[in-house]
Structure formats: structure tokens, C-alpha cells
Amino acid sequence: MSSRPMIDRYSWWEIILIYCGIALFLFFVLSPFVEGFLVSLKPLSQLFSSPYRFWPENGSFEAYRTMWISVPGFGRYIFNSFFISIIVTAIVLCLVIPASYAFAKFEFRGMGILLGAFLTVNMFSGAVLLIPLFRLMRTMGVLNTYFAMIVPGVAFLIPSAIWLLRTYMIRIPQELNEAAYMDGASHFYTLRRVILPIAMPGIIVVAITTFIGAYAQQFIFALTFNSKTEYMPLPVGLFAYFGKQEVIWNELMAASFVGIAPAMVVIFFLQRYLVGGLTAGAVKQ
Amino acid sequence: MSAQKSAVIFAWILLLPAVLYVLAIVAYPLVDTFILSFTDASLRKVTNWVGWVNYEKIFNSTFAEVILRTFIWTFFSVALKMIIGTFGAVMLNAAVPGRSLFRLLTMPPWIVPMAIGIFMWGWMYNGQFGMISGLLQRFGLVDGPVAFLAYGSTAFWATIVTDVWIGVPLVTIYFLAAIQSIPKDLYEAAWTDGAGRWYRFRRITLPLMVPAIITMSMLSLIATFNSFDIIWILTQGGPSGETTTMIIDTYQTAIGSKKYGEGAARAVLICIFLSLFCLAYFRVTRRLNPEKRA
């Protein structure tokens, strides 16, 4: 947009109002992070003192050092979170790429119902199904292993991944399939050599959203199906900072920021894909 | 074999892994919940068929109160998400410098692991040392410290606010996309006719956002109804059950007290409500875009 259309010109008071609105909105969204960060800089003695002071006095990054000493397993928790999320994302992609291709490019009886059934899965969060899932995991003998968190995690991420990727694949011109068919390519060859390369940006978006979902939603399965410290992911592992007497808040916040950082870096670099891909999927709905 | 037929077979082969996976991990447990709800399953080895006893127990307990509370909690949470999401989307749609940065800054609550965001709120709600109580005292709005999570009424609203905070980014981004898909010529036509900004918002943006708002509030309703982490981390359903929603109650009964049968009966009730929401969602979306069937 080199020449801004007239309609988008704001008078000075409109600009002030808009910025005030944005500031108000972002204040709500970001204030916990600001407060959390300031807490991580404050010494514990200042945290537990009245009256409340917003800015840290003699603040330091000390908590970022001591957090590793108070909870020696913290590095392991981050690793676990990443490990679980990566495996979950890989399994979801393996299941979802063929399925969304089938939904996008083939016509068969019962397709609408099947797609609806997949969407319905979204509505039942893991929490409702915890009891039988617990029994299922016990029967499979995977309680207190990584798989106890991976197996149910995958199932609840499949539906939205299918939905997103299907919307993307529908937009790939049907002529490509027909041309490949004319040239004698098998269905499988067409999928692998024609569709997959074109769908790559869509697959990346799905991979990112699935990864975020897996990284963000590990709490309930980890809480219920795993009690071994060495397999705990970040969200449950952070409870290690809840001491017997009191919570070590500054270290808890420092640990939270360290735990968030890797995911934030990924998001920052991939945000162009993310916003575009998400909104494209959303509007078509 | 005709090409048509081979294509259908190929499609089913592609679908099979995902279908089987979901059948095993979601459909089977769903059926199992239903069966369990008629038994007295617990940690004991023997499990007896007890018929409707678990359901009778539910209605003789405080569960009716829990259901009502869940609906009120969900209603306010969804309503606030929609209002704040609409506000945010309209603000972020304005063509002012820095807007792509502002859009990016709305994402963190959604991207960050939920538990971490909830810990931060937990600290802010702290009565003695937390920010909200501290600032309220500083500005003289309250006399003494307010321990938000210690009293039923404040804990109720505190958990709602945190839930709204986590849900707002996705709603905002979705609404932003909806606003941007409104044809630009509508605005230009109205503008040429001398319609002001507020008028254009009221007469073009808002009406054309209605389908998105309805769709999103249905989806949000289902997600919010299922909300577990927030209440569990902040209050565990307390104080004295004032933030116990259906999901929390089910968890406490089934996983906490190991009464699988009674827990399953509660889960079945949740499933019934969810199926109703789900049905409503499909009907509404079909009516909103009749030409694009799911």
C-alpha cells in the first residue's frame, strides 16, 4: 500500500483513540508477563514485603542462576516438553497429511459424516475421558512413561490439524491431479510428488500449530498419567518450585520465562506463516 | 477395477490410520465411560453392575448446583471473550503504524503453556504481595489486602478473568480475519455517501461480523465448558467448592477419590451437554454458510 487510500486517513484524535484502545487491550494481554518478569528480578525478601512495589529495588538476574540449583531437574523438564511435543507433532503429521488429502481431493460416500465425526472429537477434551484413558494406558502398560502423554495428546490434536490442512489442500487446483493421472501416475505417486511439495507451506503451518498445542496442553495428561519426575514436562515440573513452606516465586517466574523462551523464538521467526495460515483456515470455515 | 472405484479405495486407505487412532483413543474411551457409569468401578478388583445408582447419587448431591455454576461461569467467560475479542480485532484492524507488531503481541497468552500463564495470574491474585491487590490499595480503592482466591465470589471471577485472558488471542485473530474478509468496496461506497467511521462500523463491520461471532462463540462455549487447567491450578475448585465446575468435580470424584463409576456418570452428563452444544454448532454453521457444507 504505497498511497494510502483516503478512507484510511485518521484525524489526530482518532489516532489517539485508536492507540489508547490498543494500549488498553495489550495491557490486559501482556500485564501478567510484565509482572511475571519483574517478579523474576526481585529478591524473595522484597516479594514478600508490604506495601507492594511495582519496580524491583536492587533487582538482579540472580533467580535465573539459583533456579537451576533449587530444582536440578529443570533442564530435563524443558527437554521432556520438547521431546513430547516433537514426537506428538511427527505422529500427528503422519496421520493427518494422508487423511486431509483424502478429505480434500476425493469424493466418497460418508465423507461429510466422517469429517463431522472428526470435528466432534475436538469437543471432548481429554478431561472428560480421563477415567477410561487411564485404564487404557494401564492396560497398554504405558502409565508413567512418555507414551502416557504422547498417545492421548496426539488424538486430541488430530481434528484441528485435519481441518486446517484440508482447507489448504482444497485450494490446490484439481487439474494437477488430473494431469498426473493422464500421465499414468499412481495415486500414491501423485500425493508424494505432486501434492506434498505444493502443500508444504500448509503443512508447516499445521506442524507449528500442532507443536504449540502439544507444548501448551501437556498439563492434564502429565498430571494424571505420569508420576515419574524424570518424564515430567515443563508445566507439571514447575510445581517443583512450590516448596513445603512457601512458593519460590522469583525462581518460578524465572523458570517460566526460560521455559517459554524457546517456543517464543520459534513463533517470532515463523509468525508470518502463522497469522496468514491460521486466518486462511479460519475464514474459509 | 474402475478408476472411480480405485480412487475411493485409495481415499479410505489414506484415512484409515487417522480413523483407527481416533477410534481407539477417543471413541472407545467414550463407550467405556458410558459402560463404567453403570458400575461401581474403583480401585478394588471386583466391579459390579449397579444400574442407575451413580446417576441417582449425582442428583441427590450438590451436583445440580455444580451444573448451574458451570453454566454461569461458562456464560460470562464466553461473553467476555467475545466482547474483548471484538474490541481487540477492531483496534488491531486500524491502519496505524506498528499494527503488525501489536498483532504479534496479542499472541503470547495463547502460545505460552497454559500452566505458566496461570502461575503468573496466581501471583497477581495474591492478597498480601500480588500486583492487583497492591495497586488497588495504592490507589485507595480498597482498604486492606484482597486475597482474590480465598473468597468464593472473587475466586469465581478471578478464574473467569484468567480463562478470558487465555482465550482472547485466538478469538481476536479470528475476528481480525473476519473483518479483513469484508469487501473493501462496501466501505468505499458508504464513505462516498458520506458515512462516518462509527456509522460504517455499526452498519457494515458489525453486521458482517455476526457469523464469525456466532461461530466463534459456539466453539468457545465448548472449549470453555471443558476448561480444567485454570481452575485446577488456581483454586482446585475451592474455596469450599465455589469454583467447582463439572469438569473439576468429575476429576475430583474419579481421579481424586478413585470412584471411577461415579466419576464416569458425571462425565456422561458432560458428554450429553457437549453433544447438544455440538449439534447446535453444526446447525448454526450450516445455516450461516448454506453453500459450504462441512
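Helices, in the description that follows, are DSSP runs of at least four residues, numbered from the N terminus. The loops between them are named by the helices on either side, and B:Lys258, for example, has its place in the loop between helix 12 and helix 13 of chain B. The structure is a predicted model, with scores of ipTM 0.85 and pTM 0.85. For chain B the average pLDDT is 85, and 98% of the residues reach at least 70.

The C-alpha trace of chain B spans about 80 × 75 × 30 Å along its principal axes. Of the 294 residues in chain B, 44% are buried. Among the contacts in chain B with a separation of 6 or more, 66% are between residues 24 or more positions apart.

Chain A is divided into two parts, domain 1 (6–60) and domain 2 (66–284). The C-alpha centres of these two domains of chain A lie 32 Å apart. Where they touch, domain 1 of chain A gives seven residues and domain 2 of chain A gives seven residues. On the side of domain 1, the elements that give two or more residues are helix 1 (12–41) and helix 2 (44–47) of chain A. Helix 1 of chain A gives the most, with four residues. Sorted by class, this side of domain 1 of chain A has four nonpolar, two polar and one charged residues.

The next topic is the contact between the chains. It takes 82 residues from chain B and 77 residues from chain A. On the side of chain B, the largest share comes from helix 1 (residues 3–36) of chain B, which supplies 17 residues. The residues on this side of chain B divide into 65 nonpolar, eleven polar and six charged.

One pair of helices shows part of this contact in detail. Helix 1 of chain A packs with helix 6 (residues 114–124) of chain B, their axes 9 Å apart and at an angle of about 75°. Angles of 65 to 115 degrees count as roughly perpendicular, and the two helices are therefore roughly perpendicular to each other. From helix 1 of chain A come A:Pro32, A:Phe33, A:Glu35, A:Gly36 and A:Val39, and these meet B:Gly117, B:Met120, B:Trp121, B:Trp123 and B:Met124 in helix 6 of chain B. The contact has seven nonpolar, two polar and one charged residues.

How many residues of helix 6 of chain B are buried? Eleven of its eleven residues are, and the helix is mostly covered. Among them are B:Met114, B:Ile118 and B:Phe119, as well as B:Trp121 and B:Trp123.

Helix 12 (residues 246–256) of chain B has eight of its eleven residues buried, so it is largely enclosed by the rest of the structure. The buried residues of helix 12 of chain B include B:Met246, B:Asp249 and B:Tyr251. They pack against helices of both chains: helix 6 (130–140) of chain A, and helix 3 (63–93), helix 11 (229–234) and helix 13 (260–288) of chain B.

Two residues in the loops on either side of helix 12 of chain B deserve a look. B:Ser240 lies in the loop between helix 11 and helix 12 of chain B. Its phi is near 40°, a positive value in a residue other than glycine. Is B:Ser240 buried or exposed? A residue counts as exposed if 12 or fewer other C-beta atoms lie within 10 Å, and B:Ser240, with 10 C-beta neighbours inside 10 Å, is therefore exposed. B:Lys258, which follows helix 12 of chain B, is not a glycine either, yet has a positive phi of about 60°. With 14 other C-beta atoms within 10 Å, B:Lys258 is partly exposed.

B:Met218 has 19 other C-beta atoms within 10 Å. A residue needs 20 or more to be buried, so B:Met218 is partly exposed. Leaving aside neighbours within four places in sequence, B:Met218 is in contact with B:Phe277, B:Ala280, B:Tyr281 and B:Val284. B:Met218 and B:Val171 are 47 residues apart in sequence, and their C-alpha atoms are 12 Å apart in space.

Note on methods. Residues numbered from 1 in each chain as written. Chains lettered and ligands numbered in written order. Predicted model: local features only at pLDDT ≥ 70, side-chain atom pairs only at ≥ 80, totals over all residues. Contact = placed C-beta atoms within 7 Å. Nonpolar A, V, L, I, M, F, W, Y, C, P; charged D, E, K, R; others polar. Domains from an automatic or database assignment. Axes fitted to C-alpha atoms, helices over the stretch in contact; angles between N-to-C directions. Parallel < 35°, antiparallel > 145°, perpendicular 65-115°, else oblique. pLDDT = per-residue confidence, 0-100.
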